[in-house]
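Hi everyone, thanks for coming. Let me put the structure up, and then I'll walk you through a few spots in it.

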Amino acid sequence: MASSSSAQSASQPSAQSSAAPRPSRVPRLSTVILPVQRWHEGGRARWQRAEELGFHAAYTYDHLSWRAEFRDGPWFGALPVLTAAATATTRIRLGTMVTSPNFRHPVTLAKELMTLDDVSGGRITLGIGAGGNGFDATALGQRPWTPRERADRFAEFVPLLDRLLQEPAVTYEGTHYSAHEVRGVPGCVQRPRLPFAVAATGPRGMLLAGRYGQAWVTTGDPRIAATGTPEEALQAVRDQIERLGTACEQTGRDVAELEKIMLVGFVPGSPTASVDAFVDFAGKYAEAGMTEIVLHWPIAETQFAADEAVFERIATEGLAQLA
């Protein structure tokens with residue numbers, strides 16, 4: 001493939017508002033708010049409450065539809081919801097967890113992200129991954145891509161998006177994506193662009209995280225999610241971090257430069273069952289190297305059901321017990 005542009009993009013940008021990982025064993029605490037509420041019927045209040053509780057960031061899923069339990073109920077678009085959340089809050093970071101190429105194109109996504117970063121005053125983090133199977137994979141009429149095809153597209157998607165968010169004009173002809181004199185003025189509020197949090201467990205994805213990411217995201221090892229023990233799940237994440245370090249070495253990065261985000265809800269155990277359960281979980285994963293823990297906001301009668309009062313106590317009391 002060939003590409004050209006008006007400027008050469010940096011392969012390892014460091015967004016000014018993406019703080020460097022701290023040496024402390026106390027991770028940041030964030031939440032993910034599924035886009036299932038009408039904005040004027042509880043949606044706005046939930047995002048504002050996340051800020052009041054002191055969460056570092058509030059993310060949302062970027063899907064067209066997701067899982068059987070949510071398939072036939074309300075499910076709103078991630079970027080419009082984040083734009084509304086940006087106008088309803090002032091301090092909390094906001095972002096996707098995660099966006100994928102399944103139904104996104106780098107050119108249109110870059111323009112929307114640049115706008116969202118502007119509206120929020122530079123509070124946006126892009127969680128981004130290769131995508132998977134499910135409704136998103138076929139919603140536009142395409143056949144589901146194989147894991148190799150998803151990896152191939154992701155390997156082209158991320159570098160092009162990186163350029164589109166930094167350069168004033170981009171022309172690119174690739175195998176899967178093209179851009180013709182795409183203008184990127186005025187650019188992101190965050191410089192040189194908004195931070196990428198790259199979700200990856202395989203070697204190619206981890207190389208992308210090492211080259212383009214300001215953070216790396218994991219949900220653990222899906223192979224042991226249903227049958228493994230909490231100890232096995234923790235060891236799997238340790239192994240992932242070790243492989244991330246190898247990938248960073250190959251790209252000339254220090255793995256310590258990357259935030260390491262654990263999206264909770266897909267490993268054995270119930271860290272939101274009590275404050276003590278959270279403290280135990282977060283302490284172990286922080287010792288393993290995770291710098292940010294992301295909890296799902298409770299949703300009754302779903303896999304994310306939890307006592308909301310306990311959830312709020314975790315938000316306000318949990319990290320203090322790790323200090």
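Predicted model: local features only at pLDDT ≥ 70, side-chain atom pairs only at ≥ 80, totals over all residues.

Residues are numbered from 1 along each chain as its sequence is written, and side-chain values use heavy atoms, leaving out hydrogens and water.

Back to our pair: α1 covers residues 43-52 and α3 residues 78-88, and they pack at about 60° with axes 10 Å apart. Helices here are DSSP runs of H or I, at least four residues, numbered from the N terminus. Axes are lines fitted to C-alpha atoms over the stretch in contact, and angles run from 0 to 180 degrees between N-to-C directions.

Who meets whom? From α1 we have R44, W47 and Q48, and from α3 V81, L82, A85 and A88, with contact meaning heavy atoms within 4.5 Å.

Now the largest nonpolar core: it has 73 residues, and L161, Y285 and I293 touch the most other members. A core is a set of buried Ala, Val, Leu, Ile, Met, Phe, Trp, Tyr and Cys residues joined through side-chain atoms within 4.5 Å; buried means under 20% relative accessible area, with a 1.4 Å probe and protein chains only. Apart from that core lies another, of 20 residues, including W66 and M97.

Terms used. Helix = DSSP H or I, 4+ residues; strand = E, 2+ residues; numbered from the N terminus. Buried < 20%, exposed > 50% of the residue type's maximum accessible area, 1.4 Å probe, protein only.
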